[in-house]
Amino acid sequence: MGAFLEKPMTAKHNEHGEGNGLRYGVGSMQGWRCEMEDAHYAKTGLGEGLDDWNYFAVFDGHAGHKVADHCAKNLLQSIVRTQEFSNNDITKGIHAGFLKLDESMRDIPELASGADKSGTTAVCAFISSQNIYVANCGDSRAILCRNCAPIFSTQDHKPILPGEKQRIQNAGGSVMIQRVNGSLAVSRALGDYDFKNAKELGQCEQLVSPEPEIFCQDRDPADEFLVLACDGVWDVMSNANLCQYVHSRMQISESLEDIANQVIDTCLHKGSRDNMSIIIIAFPGAPVPNEEAIKKDEKLEATLHKRIEQMIAEMGTNVEYAMILKRLSEEHIPDLPPGGGLEAKCSYVSKVFKELCPKLADTCEIDAVNHPNNDAEALIPEFFEELN
């Protein structure tokens with residue numbers, strides 16, 4: 001058995017909220033994976049003297065969902081209850097909270113016995129009225145957007161990075177096929193205790209380290225939005241493209257949930273094979289809907305509708321949805337969503353096709369010939385299954 005379903009699970013889980021001048025929207029989707037292993041947490045106003053603080057986090061689990069779920073429920077308290085955080089040393093508090101949680105999870109029975117071998121990446125943000133603190137452990141990622149461009153992003157912790165590779169080798173391991181001991185695709189994570197058994201080494205010197213990399217940014221009135229997302233998004237969208245796409249959608253819709261859903265749908269059509277989770281946090285300086293952008297999008301959809309009608313007429317009895325998408329991709333279509341391209345409108349194309357050719361509606365599913373198992377990963381499942 002491979003690590004993928006016969007067709008992707010496209011149902012979405014959504015949340016939204018606002019507070020302290022921030023708005024946020026969450027979107028997550030299982031996608032092609034056999035199990036949903038992502039988790040997240042979002043809260044504005046932390047209470048207990050932290051009413052003006054906000055916390056957001058995304059966790060990308062692997063080899064199971066237990067560690068990701070546990071971290072989503074417990075990382076915030078693990079951090080804010082540290083002496084360092086209480087003393088207003090936020091960076092040291094975040095660092096201590098990560099390490100404390102990773103050590104305490106060893107006592108969970110399923111993890112202690114080895115029955116559950118799961119782990120998770122983690123990217124989180126604490127936002128106050130003055131600062132943005134971002135912590136990253138693994139290859140989930142955060143980006144901060146100003147003026148439609150990323151001005152900050154975290155660095156993915158991959159085994160091939162020189163510093164990470166050196167630590168792995170110092171711990172007696174190796175990096176093969178860009179993975180820790182040919183197995184794990186990230187060099188830092190919470191959980192993954194099979195990679196943290198060297199008793200003579202410190203907690204952050206193991207093959208896989210739970211140590212977060214922490215950044216602090218001063219808030220700026222030009223800040224538009226912060227995005228936290230797992231690698232199912234970043235695998236197919238660059239930082240710049242995602243900033244452009246979210247910026248453009250904010251000019252059309254006020255719903256951050258809808259925009260989050262559009263991002264993960266677009267990523268699915270761009271070829272993402274992983275679970276996908278994204279949190280979009282909008283600052284007061286975020287774009288707002290405007291009539292010009294809305295009319296431009298309406299004009300684009302009218303153009304697409306007309307071309308689809310023409311193509312169906314030209315194909316006659318040989319109508320194929322896949323061929324329509326192919327032909328559209330070869331044409332110059334003005335005003336496609338920046339950063340998203342035609343893939344950002346595949347859901348609309350599918351909708352129009354179903355309306356015009358209802359008897360062929362089933363053919364709008366992502367084609368089985370593009371199934372993720374039809375590539376090199378399927379040939380070596382011992383390395384890839386449940387580890388991406």
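The UniProt record, in an unreviewed entry, places the feature "domain: PPM-type phosphatase" at residues 23-283; UniProt positions are given here in the numbering used for the model, with feature names shortened, and such annotations may be inferred rather than shown by experiment. The structure is a predicted model, in which local features need pLDDT of at least 70 and side-chain atom pairs count only at pLDDT 80 or more, while totals for chains, interfaces and linings use all residues. Residues are numbered from 1 along each chain as its sequence is written, and side-chain values use heavy atoms, with hydrogens and water left out. Within the annotated span, residues 23-283, the end C-alpha atoms lie 7 Å apart, and the span is 30% helix and 31% strand, where helices (H or I, at least four residues) and strands (E, at least two) are DSSP runs numbered from the N terminus.

Strand β13 (residues 223-229) is paired with two other strands, pairing being assigned if DSSP finds at least two bridges between two strands. Six bridges join β7 to β13, and these strands run antiparallel; in this pairing, Ile-143 stands opposite Val-227 of β13. Five bridges join β13 to strand β14 (residues 276-282), again in an antiparallel arrangement, and here the bridge partner of Phe-225 is Ala-282 in β14. Seven of the seven residues of β13 are buried, so the strand is largely enclosed by the rest of the structure.

Helix α5 (162-170) has Glu-164, Arg-167 and Ile-168 as its buried residues. Seen down the axis of α5, these buried residues fall within an arc of 100°, so they line one face of the helix, the arc being that of the directions from the helix axis to the C-beta atoms. The buried residues of α5 pack against β9 (175-176) and β10 (179-180), whereas Pro-162, Gly-163 and Asn-170, on the other side of α5, are exposed. The helix is followed by Gly-172, whose phi is positive, near 90°.

Arg-167 forms a salt bridge with Glu-164, with the closest N and O atoms 2.9 Å apart; a salt bridge is taken as a side-chain nitrogen of Lys or Arg within 4 Å of a carboxyl oxygen of Asp or Glu. Arg-167 and Glu-164 are three residues apart in α5, about one turn of the helix. An α-helix has 3.6 residues a turn, so residues three or four places apart point the same way. By the stated rule, the count for the model comes to 19 salt bridges.

A further salt bridge, at 2.7 Å from N to O, is formed by the side chains of Asp-156 and Arg-141. This pair links distant parts of the chain, with Asp-156 in the loop between β8 (149-153) and α5, and Arg-141 in strand β7 (residues 141-146), 15 residues apart; both Asp-156 and Arg-141 are buried. The side chains of Arg-106 and Glu-103 also meet in a salt bridge, at 3.9 Å from N to O, but Arg-106 is partly exposed, at 27% relative accessibility, and Glu-103 is partly exposed as well, with a relative accessible area of 41%.

Val-67, in helix α1 (residues 66-80), is buried, with a relative accessible area of 1%. Leaving aside neighbours within four places in sequence, Val-67 is in contact with Met-105, Leu-111, Ser-118, Gly-119, Thr-120, Leu-190 and Gly-191, contact meaning heavy atoms within 4.5 Å. The C-alpha atoms of Val-67 and Leu-111 are separated by 8.7 Å, although the two residues are 44 residues apart along the chain.

With a disulfide defined as a pair of cysteine sulfur atoms within 2.5 Å, the count comes to zero disulfides. Cys-346 is in no disulfide, the nearest cysteine sulfur, that of Cys-364, being 10 Å away; Cys-346 is buried, with a relative accessible area of 7%. Cys-357 is likewise in no disulfide, and the nearest cysteine sulfur, that of Cys-364, is 8.4 Å away. Cys-357 is buried, with a relative accessible area of 11%.

Notes. Buried means under 20% relative accessible area, exposed over 50%, partly exposed in between (1.4 Å probe, protein chains only).
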